[in-house]
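Hello,

Here is the structure I promised to pass on to you. Have a look at it first, and my notes follow below.

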Amino acid sequence: MNEDIQWTGLVRQVAEHFSDLTIKRGFQYYKQGRVQELSVPDHGPVEAVVQENGASARVSVSLSLDSLEDSECSCGENGGCRHMIAVLLQYAALEERPVYSIVNAHSAGLASRTALAPPHPEAGHASGTGPGGRSTAIPQADRGHVNVPASSMTHVGRELASGPTSSMQHADREHVKGSAIATPQADHEHANGPASTMQHASRDLAAEPASLMPHADGEHATEPNTPVSQAAHAQAKGLAIEDMSAAQWHSLFAQCTATLGSGAQPVQYASQALEAIYAVKPPLAPVLEQLYGLHAHLFVLHRLIGHAPGAARPAHFYLGYHTQIAADEIQAAIRISLSEELAIEGHPEHWNMVTDTLDYLRERMLNESGGRLHYFPDIYYRFWLQWLAPHAGKPEMFLEELRLLEEGGVTQQGSTPARVPRLLARCWMYVFLGRDEEAWRLLQAADGSTALQLPSAQLLLLMSALHGKEEWARLVDGLTAIGPLLGTGSLDEYLAYWRTALEHLPELEALMWDTLTGMLPISGTIYAQALLERGKYRQWMDYQLSTGAEPLDYRAAELQVLERHAPELLLPFYHQAVERHVLFMTRKDYKAAVKLLKRLAKLYKKMKLEDRWESFLASFTSRHRRLRALREELRKGKLLS
């Protein structure tokens with residue numbers, strides 16, 4: 001199924017022939033992994049077996065994708081059943097289609113959706129594929145599935161080179177009735193008061209000013225001041241889409257989406273907006289295909305999370321749940337697109353549109369202030385890392401960007417630039433220029449400011465640039481610099497970078513230990529993990545005892561590495577924990593103590609020290625002979641006769 005229109009038709013069939021309850025039950029079967037022996041022939045129905053309750057209870061499904069009402073299932077139910085939905089969802093996952101759009105076929109309203117007409121007769125409708133049916137395979141590492149053409153992806157997070165499709169699946173999330181993009185109070189929340197007291201997080205969808213971004217020369221557009229009139233003015237001058245500036249693209253997008261938003265839920269709005277924007281896209285040069293798709297998603301992302309120019313956001317502003325779902329899907333699709341190589345080779349005439357895009361992203365990044373939103377900064381950094389830096393050539397481009405970041409006191413929208421994104425962007429330029437020490441000094445200075453909270457994910461993205469260049473010494477210096485700035489949520493990735501660096505530079509291991517110990521207690525989990533991985537068992541045990549940890553904090557399987565290599569180190573670990581639980585003198589703690597004693601008995605037996613175990617147990621029961629509840633638990637555990 002290579003055409004998006006076919007997929008949309010299939011989802012429409014789901015809405016027409018299956019009840020919402022049946023779809024949800026089928027989704028549960030799919031999530032439980034009940035679909036087996038899936039067969040997808042080149043022609044004919046999709047065949048599969050679905051496991052029912054009981055090892056021998058299985059039903060056979062023959063799924064007709066051209067006409068779902070002609071599908072068959074051996075369960076005997078009349079009409080569409082949950083087994084058919086489960087198989088369809090499994091097929092969608094295999095083809096990297098969004099499971100979400102099937103599960104929410106009813107709420108999405110696809111059965112009654114009508115396509116928007118193009119704004120001018122020359123544009124025509126696009127099916128979602130590139131020129132000549134061009135499609136781009138998604139790297140397996142990014143998708144987690146086999147590579148498929150981008151044109152086979154649909155819904156909110158559309159593969160950017162081909163049309164509005166989803167790269168993330170949120171099948172288990174449901175929309176909130178009545179939430180609307182046009183009225184952000186319904187979905188945005190504020191920690192200090194009701195939604196009605198908030199600043200608007202996004203403007204009325206039909207009333208956004210046309211000058212959404214600067215022209216390449218840094219000046220605002222002098223076109224008419226509404227999206228519709230500006231786009232119409234561009235068309236009156238005979239401008240084709242490939243000849244428009246980025247500002248005019250956004251004005252065209254505003255015209256395409258002007259009728260959307262009233263009562264639309266965030267995910268539904270994003271899907272419809274991308275559909276409308278792609279409907280007017282003619283075949284373009286490969287690099288313009290990529291940039292058009294990027295700008296389409298950037299436009300929708302800004303509508304979801306944007307706010308009026310110059311408006312201050314509340315200190316504790318955050319997105320509503322359903323708006324964040326839609327924004328996260330858009331961001332994920334953008335990341336996938338940026339992971340593909342920019343097709344600028346052979347098309348230098350389109351470089352101005354690339355720099356136009358940089359101007360737009362810089363403005364949005366510096367204007368995304370307040371709360372903990374980091375959508376546009378993340379896209380800005382990845383745009384540089386994956387699309388601009390490989391084609392920058394001489395350092396002048398980095399130096400010019402650094403100058404703009406250092407001198408910019410006010411954004412073109414009249415607001416003070418966001419401090420954290422601006423600081424990190426400067427660090428990126430220093431790293432691209434090979435001036436790492438200046439970047440690390442900026443970060444260390446920021447660490448002393450209580451007003452700045454550096455997002456860990458973006459610090460680690462900076463490390464990915466050094467990792468990608470395989471400059472291991474620079475990577476070690478960077479890891480040493482950012483370690484004290486990280487939060488607990490990103491430490492596994494941080495340790496993974498250390499592992500890779502030390503594979504190439506094992507002589508620098510001491511730097512890792514110095515950094516991790518300096519990060520304690522935040523780094524406690526990865527510090528202990530690194531000790532085990534590198535065979536430092538005594539240090540691991542000393543750390544556990546010093547922090548008051550106990551064996552019940554770990555599964556038995558996690559301690560097996562010590563049982564194999566240094567079982568004697570576990571003895572004080574178990575003994576200390578047993579005595580601690582007994583001191584609390586509660587039934588719950590007595591049960592925990594007995595559980596530990598049973599593990600301890602096995603450990604002594606494995607070490608062939610049964611005599612020592614018998615001696616200890618006799619002494620233990622004698623010392624606590626007055627604790628009746630403890631003795632009862634010992635008898636239950638068969639440790640006392």
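**A helix pair, a buried leucine and an annotated domain**

Helix α19 crosses α20 in a right-handed manner (right-handed if the near helix is turned clockwise from the far one by less than a right angle, left-handed if anticlockwise). Please note that this is a predicted model, where local features need pLDDT of at least 70, side-chain atom pairs count only at pLDDT 80 or more, and totals for chains, interfaces and linings use all residues. Residues are numbered from 1 along each chain as its sequence is written, and side-chain values use heavy atoms, with hydrogens and water left out.

Back to the pair: α19 covers residues 491–504 and α20 residues 509–518, and they pack at about 160 degrees with axes 10 Å apart. Because of that angle, α19 is roughly antiparallel to α20 (the term applies over 145 degrees). On the α19 side, Y494, L495, W498 and L502 make the contact, and E509, L511, M512, T515 and L516 do so from α20 (contact means heavy atoms within 4.5 Å). Those residues comprise 7 nonpolar, 1 polar and 1 charged.

Next, find L559 in the loop between α22 (537–547) and α23 (560–565). L559 counts as buried because its relative accessibility is 1% (buried means under 20% relative accessible area, with a 1.4 Å probe and protein chains only). Leaving aside residues up to four places away in sequence, L559 touches W540, P551, Y554, L570 and Y574.

Finally, an unreviewed UniProt entry lists residues 59–92 as "domain: SWIM-type". Over residues 59–92, the chain is 32% helix and 21% strand.

Best wishes

Definitions and conventions: Axes are lines fitted to C-alpha atoms, for helices over the stretch in contact, and angles run from 0 to 180 degrees between N-to-C directions. Helices (H or I, at least four residues) and strands (E, at least two) are DSSP runs, numbered from the N terminus. Angles under 35 degrees count as roughly parallel, over 145 as roughly antiparallel, 65 to 115 as roughly perpendicular and the rest as oblique. Ala, Val, Leu, Ile, Met, Phe, Trp, Tyr, Cys and Pro count as nonpolar, Asp, Glu, Lys and Arg as charged, and the others, Gly among them, as polar. Buried means under 20% relative accessible area, exposed over 50%, partly exposed in between (1.4 Å probe, protein chains only). UniProt positions are given in the numbering used here, feature names are shortened, and annotations may be inferred rather than shown by experiment.
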